[in-house]
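Please look at the sequence and the 3D structure below, and keep both in view while you read.

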Amino acid sequence: MAKTIALIVAAGSGSRVGGDVPKQYRLLQGKPLLRYSIDALLSSDLIDQVRVVINPDHRSHYEAATTGLTLLPPISGGAERQDSVRSGLEAIAEEDPDLVFIHDAARPFLTGRLIAELIGTLEKHAAVIPALHVADTLKRATAVQIVTDTVDRANLYRVQTPQAFRYREILSAHRQAAGKALTDDAAVAEAAGIDVKLIKGSENLFKVTEEVDFDRAEALLAQNQAIRVGTGFDVHRFEDGTSVTLCGVEIPHNQSLKGHSDADVGLHAITDALYGATGGGDIGEHFPPSDPQWRGVASEVFLRHAGDFIADRGGKILNIDVTLICESPKITPHKQDMVRRIAEILELPLSSVNVKATTTEGLGFTGRREGIAAQATASISMPNENGVIND
Ligand code: MG
């Protein structure tokens, strides 16, 4: 299989949109703009490595946006985009790729389908770019905006990135083009006499430049949420003691619950439901009972972690419903306190949390008052495919 490296160009000043954060690092639904392109490229089996060309003044933003990712080290860009791309191409020479993608960080929504199609096209062509037909009628006008003529748009296209090339050809073309001002990498290839093939781009692959583009990107991501559901179940047995902690509320009782932590069955069931909804395992994987650091810990620590786990993935908790199953203590007098406590820990509105209680009519281990069980359901909304837009 051809070795393919993706270069993402993020070296601009990033100052076109207001605010302290350069636009390529501005958050979209909690994730930096640049990170969308990185995630899309890293999630493709067809891309071997990703390298970002950055503005050296933005290094701290870059580090924060890429924590934990396996990327080739960033390259400092030049004065013009073309200089940045050439530096990037020179820098990956030691990796000796067959193919290279050159992509603008300002286009966050590239898809696996497009990546595959670009690579497939490079089997027959040395250069390929995504493009869309121009649908609007085009006019040429004077400096004072008087129309001089109508431009035939039959063969006109708007082009996008990633643009994909056979590596040696585009490196050589960029070396030849040094000093000439060309507007994209396809133009560099054209100047070197390389045939550039067009394939169909996507309206979702628009460039995020102005404030209105950020709004459009936010709207697209908002539509791209999946509703997911998780369930949790937990049991703890009684032992000698004077109180139990249920859903974060301590209730005086003639017994306590035995457990490694505070044995809060209610919060454990909710925590598992939240991990379950994300596809993120269970409480025992995140907080192994064999690890002494969790001994006696308040279960709100686990619950908060599950909430952060969802938020870190761009997700949002929609609602939680938990049922405590026991003969005693009586839950009803404490239900509202439990709802408040859960809502407080997860920073949710009270209306998103419901606590119920039931007995098992004296049957089974809960009926024999040997312990307490809890079951919970949670629903969340989370971006599809970790935020990668499908088309
Ligand atoms: Mg438990």
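The magnesium ion is held by Asp234 through OD, by His236 through NE2 and by His268 through ND1, at 2.1 to 2.3 Å. Donors here are N, O and S atoms within 2.8 Å of the metal (3.2 Å for Na, K and Ca), and since water is not among the atoms, sites may look incomplete. Along the chain, the donors of the magnesium ion follow the spacing D-x1-H-x31-H. Helices (H or I, at least four residues) and strands (E, at least two) are DSSP runs, numbered from the N terminus. His236 and His268 are both buried, where buried means under 20% relative accessible area, exposed means over 50%, and partly exposed lies in between (1.4 Å probe, protein chains only).

The model is predicted, so local features need pLDDT of at least 70 and side-chain atom pairs count only at pLDDT 80 or more, while totals for chains, interfaces and linings use all residues. Residues are numbered from 1 along each chain as its sequence is written, and side-chain values use heavy atoms, with hydrogens and water left out.

Turn now to helix α5 (residues 167–177), in which Tyr167, Ile170, Leu171, Ala173, His174 and Ala177 are buried. Seen down the axis of α5, these buried residues fall within an arc of 165°, so they line one face of the helix; the arc is that of the directions from the helix axis to the C-beta atoms. An α-helix has 3.6 residues a turn, so residues three or four places apart point the same way. Which elements cover the buried residues of α5? The cover includes α3 (81–91), β6 (99–104), β11 (163–166) and α6 (185–191), where contact means heavy atoms within 4.5 Å. After α5 comes Gly179, whose phi is positive, near 95°.

Some places in the backbone also deserve attention. The peptide bond from Thr161 to Pro162 is cis, with omega near 10°, and Pro162 lies in the loop between β10 and β11. Another cis peptide bond joins Ser328 and Pro329, with omega about 0°, and Pro329 is found in the loop between β17 (316–325) and α11 (335–346). Cys247 has a positive phi of about 50° although it is not a glycine, and Cys247 lies in the loop between β14 (243–246) and β15 (249–252). Glu347, which is likewise not a glycine, has a positive phi near 55°, and Glu347 sits in the loop between α11 and β18 (353–358). Are these two residues buried or exposed? Cys247 counts as buried because its relative accessibility is 0%, whereas Glu347 is exposed, with a relative accessible area of 73%.

The last topic is charge. Side chains of opposite charge can pair when their charged atoms come close. A salt bridge is a side-chain nitrogen of Lys or Arg within 4 Å of a carboxyl oxygen of Asp or Glu, and a search of the whole structure finds 18 salt bridges. One of them joins Asp149 and Arg140, whose closest N and O atoms are 3.2 Å apart; Asp149 is partly exposed, with a relative accessible area of 28%, and Arg140 counts as partly exposed at 47% relative accessibility. In another, Arg341 pairs with Glu300, the closest N and O atoms being 2.6 Å apart. Arg341 lies in helix α11 and Glu300 in helix α10 (residues 300–312), so this pair ties together parts that are 41 residues apart in sequence. The side chains of Lys356 and Asp321 also meet in a salt bridge, at 2.8 Å from N to O. This pair links distant parts of the chain, since Lys356 is in strand β18 and Asp321 in strand β17, 35 residues apart. Salt bridges that share partners join Glu300, Arg304, Arg341 and Glu344 into one network.
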